[in-house]
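Subject: Structure handover

Hi,

Here is the structure I promised to pass on. Please load it alongside this message.

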Amino acid sequence: LRGALLEKALAFRMKLANLPVQLGNSASQIIPLILGSNQAALACMEHLKEYGIYAPAIRPPAVPEDTARVRLSLSWLHKDTDLDKLYAGISAWIRSSNQ
């Protein structure tokens, strides 16, 4: 199961690479969306809640200044449809925040 989870996380990370977000160097099932400002991380977290997704904002002092992020923690229980929904939520947030 661990191997399948890491493969799923790698595939999702590669899909996210098409978006204008920083993902850091994580190779685990925890994928950080490094957004920079506290405001951006909190806004993304709130936006994802509207999709029924809990992805916490991680802010200083837990991470260095200007590296606030949303933490995506994948589980082997997540289905492809769950990840499609997560991707759609992230994509929609990026589109709305760039307007």
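Below is what I found in it.

First, the ground rules: this is a predicted model, in which local features need pLDDT of at least 70, side-chain atom pairs count only at pLDDT 80 or more, and totals for chains, interfaces and linings use all residues. Residues are numbered from 1 along each chain as its sequence is written, and side-chain values use heavy atoms, with hydrogens and water left out.

**Overall layout**

The protein chain has 3 helices and 3 strands (DSSP runs numbered from the N terminus: helices are H or I with at least four residues, strands are E with at least two). Their order from the N terminus is α-β-α-β-β-α. The radius of gyration is 13 Å, close to the 13 Å from the globule rule for 99 residues, so the chain is as compact as a globular protein of that length (taken over C-alpha atoms; the rule is 2.2 Å times the number of residues to the power 0.38).

**The strands**

Strands pair here if DSSP finds at least two bridges between them. E1 (residues 30–36) runs antiparallel to E3 (residues 68–73), with 6 bridges joining them. E2 (residues 57–58) also pairs with E3 in the antiparallel sense, over 2 bridges. Val70 in E3 is the bridge partner of Leu33 and also of Ala57.

**Helix H2**

Buried residues (under 20% relative accessible area; exposed is over 50%, partly exposed in between, with a 1.4 Å probe and protein chains only) in H2 are Ala40, Ala41, Cys44, Met45, His47 and Leu48. Seen down the helix axis, they fall within an arc of 165°, so they line one face of H2 (the arc is that of the directions from the axis to the C-beta atoms). They pack against E1, E2, E3 and helix H3 (80–97). Turned away from that buried side are the exposed Gln39 and Glu50. Just after H2, Gly52 has a positive phi of about 80°.

Which residues does Leu72 contact, leaving aside its neighbours within four places in sequence? With contact meaning heavy atoms within 4.5 Å, the partners of Leu72 include Phe12, Leu16, Ile30, Leu33, Leu86 and Ile90.

Best wishes
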